[in-house]
Amino acid sequence: MPEKQLRVEFLAMTPDALSLIYAAFRQCYHAGFVADMWPRLLSGEIDPQVQADFVSKTMESGHDSPVEHVSMTFAVEGISRACSHQVVRHRIASYSQQSQRYVAENDMDYILPPAIARIPEAKERFETFMAEVQSAYSDLRDILVANGRKSKANEDARFVLPQAAETKIVLTMNCRSLHHFFHLRCCNRAQWEVRAMADAMLAICKDKLPAIFANGGARCEQLGYCPESPKFACGKYPTRDCQG
């Protein structure tokens, strides 16, 4: 039952992403039909830097709906079920998650919270309980198999598995949804695990589509102040109540 570490990998994104976003933005302000411009975009006749600059400046005005035309897909492992429950609250997205019904947890990986890891007695108790859970799961699964549940044993034995159990997911979000995800989950007030995942995804997005994500991150980074009330602010920026 090894402790598992976070791993975020980029899988794919919409082809010709920058040009597609540029075309969508241009159609909003262009009297012509952008399909006629499309071959010039793909050939590089319209400088990609010109496209990037136009997109960045237009997004600064608050117009960001055209970025929904591009989606990005990530594979993530080394997160807990507690973390994945937070991630799937973001609804404009697609998720494929490793099933505890079909994948037996014969050697359950788990996520160890840093706050627990720092305290020897807490870590010892946590790891002891993980071993107890593994033993209970294995015993229940064997009993269920012996009593005729066979391949169905996993779906009942999994009820004893903890939120710390490691899971793997594939997720796809469009760029606008990704910005919203980063606004919330890169915030200092986000839980440490989902924040680490969001930070890793943001680094990939900045590398793949800098024109869209160069200024991505917690909402306060764009605003220069915290949009929360003083009760919920982390203190990094002044709150909205301080804006005159």
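Modeller: Start with the domains, whose bounds come from an automatic or database domain assignment. The C-alpha centres of domain 1 and domain 2 lie 39 Å apart. This is a predicted model: local features need pLDDT of at least 70, side-chain atom pairs count only at pLDDT 80 or more, and totals for chains, interfaces and linings use all residues. Residues are numbered from 1 along each chain as its sequence is written, and side-chain values use heavy atoms, leaving out hydrogens and water.

Biologist: Which residues does the domain assignment give to domain 1 and domain 2?
Modeller: Domain 1 is 8–75 + 167–216, and domain 2 is 109–164.

Biologist: At what angle do helix 1 and helix 3 pack?
Modeller: Helices are DSSP runs (H or I, at least four residues), numbered from the N terminus. Axes are lines fitted to C-alpha atoms over the stretch in contact, and angles run from 0 to 180 degrees between N-to-C directions. Helix 1 (residues 17–29) and helix 3 pack at about 55°, with axes 9 Å apart. Helix 1 and helix 3 are therefore oblique to each other. Angles under 35 degrees count as roughly parallel, over 145 as roughly antiparallel, 65 to 115 as roughly perpendicular, and the rest as oblique.

Biologist: Which residues of helix 1 and helix 3 meet?
Modeller: Contact means heavy atoms within 4.5 Å. From helix 1 come L18, S19, I21, Y22, F25, R26 and Y29; from helix 3 come P48, V50, Q51, A52, F54, V55, T58 and M59. This contact of helix 1 with helix 3 has 11 nonpolar, three polar and one charged residues. Ala, Val, Leu, Ile, Met, Phe, Trp, Tyr, Cys and Pro count as nonpolar, Asp, Glu, Lys and Arg as charged, and the others, Gly among them, as polar.

Biologist: Is Q51 buried or exposed?
Modeller: Buried means under 20% relative accessible area, exposed over 50%, partly exposed in between (1.4 Å probe, protein chains only). Q51 counts as buried because its relative accessibility is 1%. Q51 lies in helix 3 (residues 48–60). Leaving aside neighbours within four places in sequence, Q51 touches L18, S19, Y22, L41 and I46.

Biologist: And D241, buried or exposed?
Modeller: D241 is exposed, at 54% relative accessible area. Look for D241 in the segment after helix 11 (219–223). D241 and G216 are 25 residues apart in sequence and 23 Å apart in space, C-alpha to C-alpha.

Conventions. Helices (H or I, at least four residues) and strands (E, at least two) are DSSP runs, numbered from the N terminus.
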